[in-house]
Each structure stands twice: as C-alpha cells, then as structure tokens.
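Please look over the sequence and the structure before reading on. The notes below are meant for a first reading and are grouped by topic.

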Amino acid sequence: TCALLGQVPARPPEAGYWEFRQEVRGTKFVARLAPCDGRKDALDFRRRVQDLKAHHNCWAAIGRDGVALGQSDDGEPGGTAGMPIRKVLEGLGLRGVVVVVTKYFGGFHSGTGGLVREYTTSCKGVVDAASWTTFVPLSRFLISGIPGPDISSLYRLQSEGIEVLGITFDENGRTCAKIEMPMHCQEDLRSRLLTLHSGIHVKEVSGNAGQT
C-alpha cells in the first residue's frame with residue numbers, strides 16, 4: 001500500500017483559527033493559524049486578524065500542494081519574520097495553512113537573530129496549539145482493457161484507499177473503470193494491473209485537492 005502524505009489543519013475552533021501568545025521582554029506576540037486553500041484565503045485571513053494598531057502583522061502560507069503561497073515581514077528587517085514562519089511550516093511538512101504573527105513592540109530591540117527566534121517560537125507555539133490531520137493528494141484515473149473475469153480485482157483495491165467511481169464495458173466485453181486514488185500510487189497500481197493482462201491501460205483524467 002502507498003504512504004500518506006502531509007498534514008493539514010483539522011476543523012478549527014469556533015473562532016475559525018488557533019491562537020498562541022507569548023511575551024519577550026515586554027514585546028507581545030500573538031500568532032494565529034488557520035486552514036487555507038490558496039493565496040486569496042491567506043490574504044483574506046491576514047486582513048481579518050491583523051491589528052492595524054500593532055507594529056507588525058507578519059505572515060506566511062503554504063498551499064495544499066506544498067508550494068509557498070507568500071510571506072511578509074511587514075516592516076521587520078528582511079528575512080526575520082515571514083521567512084522563519086514559512087520555514088517552520090515547511091520543515092514540519094504542513095500544507096494548506098496560513099500563520100499570521102502580530103507584534104506589539106515593548107521597547108526592547110532584539111536584533112535580527114532575536115527576531116528570527118521570536119517569530120520562529122511564535123509559529124511553533126501556534127502549530128503546537130492546532131489540531132492536524134493527514135492529507136493525501138488525489139487524482140482520478142481511467143483504467144481500460146481489463147478482462148471481464150478480472151473485474152473483482154478492482155473492488156479488492158478499495159480496502160487500500162482506492163475508490164471505484166464507475167464501471168462500463170466495451171463492445172469486446174472488457175471493463176473500463178474510473179477510479180480515484182493517491183497520485184503517487186499510479187505506478188504501483190499500473191504494475192499490479194499489468195500482472196493481470198498486458199493490454200490494460202491507466203490514464204490520469206483529473207486531479208483534485210485531496211482528502212483528509
């Protein structure tokens with residue numbers, strides 16, 4: 001069977017996000033984390049939770065495909081806020097997530113090294129506070145040329161997380177099936193089906209966001 005990939009936020013609390021607070025030498029940091037499906041979601045969340053009276057509202061986000069959606073230091077020295085937040089998320093293999101860290105300056109200048117530590121610990125704190133679930137990128141495939149007597153082999157795949165969406169038969173009595181399965185399992189499935197008959201074909205027809 002194929003391994004599961006990535007972690008995404010589970011259902012958030014009633015507020016719609018998780019929160020972590022810390023204070024470092026009089027400077028307060030409030031980190032908030034929420035699920036997001038794209039850059040628009042990330043920016044909308046930043047606008048929702050930012051405090052315009054605060055000194056900085058820094059953020060970073062990762063899409064469900066594992067690609068960074070953006071980041072911002074919001075006036076902090078370059079590379080001391082948005083990048084540390086992003087590195088925490090990437091380092092833990094998290095997806096479909098946005099983190100906004102709001103800073104209320106208390107008078108003590110931490111220096112660039114201190115800022116990196118403070119934004120890193122703020123992000124780690126809210127990650128620890130959040131609930132997570134496993135994410136599997138899915139794709140749909142069309143399988144054709146399956147000999148009729150071997151159709152039962154398709155249904156046995158369902159115990160491995162592969163869903164049979166529909167079955168039809170061609171004029172020669174061979175089976176055509178549409179299935180949904182983890183993208184990274186395609187080659188494994190293809191090799192197993194070819195052991196049934198060399199004329200079987202597997203073609204990807206679409207991808208989707210995935211399942212949890």
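This is a predicted model: local features need pLDDT of at least 70, side-chain atom pairs count only at pLDDT 80 or more; totals for chains, interfaces and linings use all residues.

Residues are numbered from 1 along each chain as its sequence is written, and side-chain values use heavy atoms, with hydrogens and water left out.

**Nonpolar cores**

- A nonpolar core is a set of buried Ala, Val, Leu, Ile, Met, Phe, Trp, Tyr and Cys residues joined through side-chain atoms within 4.5 Å, where buried means under 20% relative accessible area, exposed over 50% and partly exposed in between, for a 1.4 Å probe and protein chains only.
- The largest nonpolar core has 21 residues, and those touching the most other members are Leu33, Ile85, Leu89, Val99 and Tyr119.
- At least two residues of this core come from each of strand 3 (27-35), strand 4 (56-62), helix 2 (82-91), strand 6 (97-104) and helix 3 (111-129), these elements being DSSP runs numbered from the N terminus (helices: H or I, at least four residues; strands: E, at least two).
- Helix 3 supplies the largest share of this core, namely 5 residues.
- A second, separate core contains 13 residues, including Val164, Met181, Leu189 and Val202.

**Aromatic pairs**

- Rings of Phe, Tyr and Trp (its six-membered ring) pair if their centres lie within 6.5 Å, and planes under 30 degrees apart count as stacked, over 60 as edge-to-face and the rest as tilted.
- By this rule there are 2 aromatic pairs.
- Tyr17 and Phe45 form an edge-to-face pair, at 5.9 Å centre to centre and with 65 degrees between the planes, and both residues are buried.
- In the pair of Phe29 and Tyr119, the centres are 5.5 Å apart and the planes are at 85 degrees, so this pair is edge-to-face.
- Because Phe29 lies in strand 3 and Tyr119 in helix 3, the pair ties together parts that are 90 residues apart in sequence.
- Phe29 is buried, with a relative accessible area of 1%, and Tyr119 also counts as buried, at 0% relative accessibility.

**A buried arginine**

- Arg95 is placed in the loop between helix 2 and strand 6.
- Arg95 is buried but has no salt bridge, and the nearest side chain of opposite charge, Asp65, is 6.5 Å away; a salt bridge needs a side-chain nitrogen of Lys or Arg within 4 Å of a carboxyl oxygen of Asp or Glu.
- The Arg95 side chain does reach the backbone oxygen of Arg64, at 3.2 Å.

Definitions and conventions: Lys and Arg count as positive and Asp and Glu as negative; His and the chain ends are not counted. A polar contact is a pair of N or O atoms within 3.5 Å; within protein, one must be able to donate a hydrogen and the other to accept it, and residues adjacent in sequence count only if both atoms are side-chain atoms.
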